[in-house]
Amino acid sequence: SMDNIYVGIGRISFPIFAFLLMKHLATKQIYSKYLIRLGIFGALVVGLSLPFRGVVKVANILPFNILISFFVAVLFLYICSLIQKEKGPLWVKISMLILNLLYCAMLSCVCDYGIYGFLFLVLLYFYFIKSCCILLFLVLIFSGLININSEFWFVGVLTTLVLLFNDYDKKSKRLLKKWWWFYVY
């Protein structure tokens with residue numbers, strides 16, 4: 001059926017969007033630019049989808065769209081970078097990081113892909129900062145967990161694998177230089 005085709009396409013597109021966003025964010029670290037764009041476009045999509053969802057109850061607008069999911073992950077990373085730059089006792093920084101994680105994790109529960117999607121995005125970002133096998137393994141686990149309730153759970157894992165192994169070849173960065181394809185797509 002057509003619904004299954006749309007679900008399959010979504011399971012392919014989420015890792016692609018995540019890959020491009022987190023790779024670019026890890027290399028450029030321009031959090032505010034992404035927060036503004038994702039916030040504006042995410043709110044626009046929520047607003048434009050309201051007539052189609054029937055705004056009788058607040059629950060009809062949940063879960064929020066994928067752009068809000070990305071917004072929450074970028075917000076978490078931005079706050080982490082601010083905490084890291086602050087001077088002060090280590091226990092205060094750790095406490096702030098834990099509060100940030102709890103806050104953004106709760107926000108992610110009302111977004112597409114939920115907590116697993118949020119953790120997938122954050123782990124993918126840290127994988128691009130510091131490539132290591134443990135992070136790669138965790139990214140692959142969470143790429144499966146975000147789709148666990150779908151018959152297409154393996155599609156997200158395969159897409160993530162293809163993207164990460166394609167990125168391993170440092171010579172072919174053509175995909176990343178065409179960032180505007182992300183918005184066209």
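F126 is partly exposed, with a relative accessible area of 34%. The terms for exposure are set by relative accessible area: buried is under 20%, exposed is over 50%, and partly exposed is in between, with a 1.4 Å probe and protein chains only. F126 and Y125 form an aromatic pair, with 5.3 Å from centre to centre and 80° between the planes, so the pair is edge-to-face. Rings of Phe, Tyr and Trp (its six-membered ring) pair if their centres lie within 6.5 Å; planes under 30 degrees apart count as stacked, over 60 as edge-to-face, and the rest as tilted. Y125, at 4% relative accessibility, is buried.

This is a predicted model, in which local features need pLDDT of at least 70 and side-chain atom pairs count only at pLDDT 80 or more, while totals for chains, interfaces and linings use all residues. Residues are numbered from 1 along each chain as its sequence is written, and side-chain values use heavy atoms, with hydrogens and water left out.

**The chain as a whole**

The protein chain has nine helices and zero strands. Helices (H or I, at least four residues) and strands (E, at least two) are DSSP runs, numbered from the N terminus. Of the 185 residues in the chain, 39% are buried. Contact means heavy atoms within 4.5 Å. Among contacts between residues at least 6 apart in sequence, 69% join residues at least 24 apart.

**The nonpolar core**

A nonpolar core is a set of buried Ala, Val, Leu, Ile, Met, Phe, Trp, Tyr and Cys residues joined through side-chain atoms within 4.5 Å. The largest one here has 43 residues, and M22, F70 and V74 have the most contacts inside it. Two or more residues come from each of α1 (2-28), α2 (31-53), α3 (66-85), α4 (90-108), α5 and α6 (133-145). The helix that gives the most is α3, with ten residues. Leaving aside neighbours within four places in sequence, V74 is in contact with L21, M22, L25, Y31, Y34, L35 and L38.

Helix α5 covers residues 114-129, which is 16 residues. From its first C-alpha to its last, α5 reaches 23 Å, close to the 22 Å expected at 1.5 Å a residue; the expected span is 1.5 Å times one less than the number of residues. Buried residues in α5 include G114, F118, L121 and Y125.

**Aromatic pairs**

The whole structure holds eight aromatic pairs. The rings of F14 and Y113 have their centres 4.0 Å apart and their planes at 20°, so this pair is stacked. F14 is in helix α1 and Y113 is in the loop between α4 and α5, 99 residues apart, and the pair links distant parts of the chain. Both F14 and Y113 are buried. Ring pairs also link F14, F70, Y113 and F120 into a cluster.

The side chain of N100 reaches the backbone oxygen of F76 at 3.1 Å. This is a polar contact, a pair of N or O atoms within 3.5 Å; within protein, one must be able to donate a hydrogen and the other to accept it, and residues adjacent in sequence count only if both atoms are side-chain atoms.

**Cysteines**

A disulfide is a covalent bond between the sulfur atoms of two cysteines. Here it is counted as a pair of cysteine sulfur atoms within 2.5 Å, and a search of the whole structure finds zero. C104 is buried, at 0% relative accessibility. The sulfur of C109 is 8.7 Å from its closest cysteine sulfur, in C111, which is also too far for a bond. C109 is exposed, with a relative accessible area of 54%.

**A loop residue**

Q29 is in the loop between α1 and α2. Its phi is near 50°, a positive value in a residue other than glycine. Q29 is partly exposed, at 41% relative accessibility.
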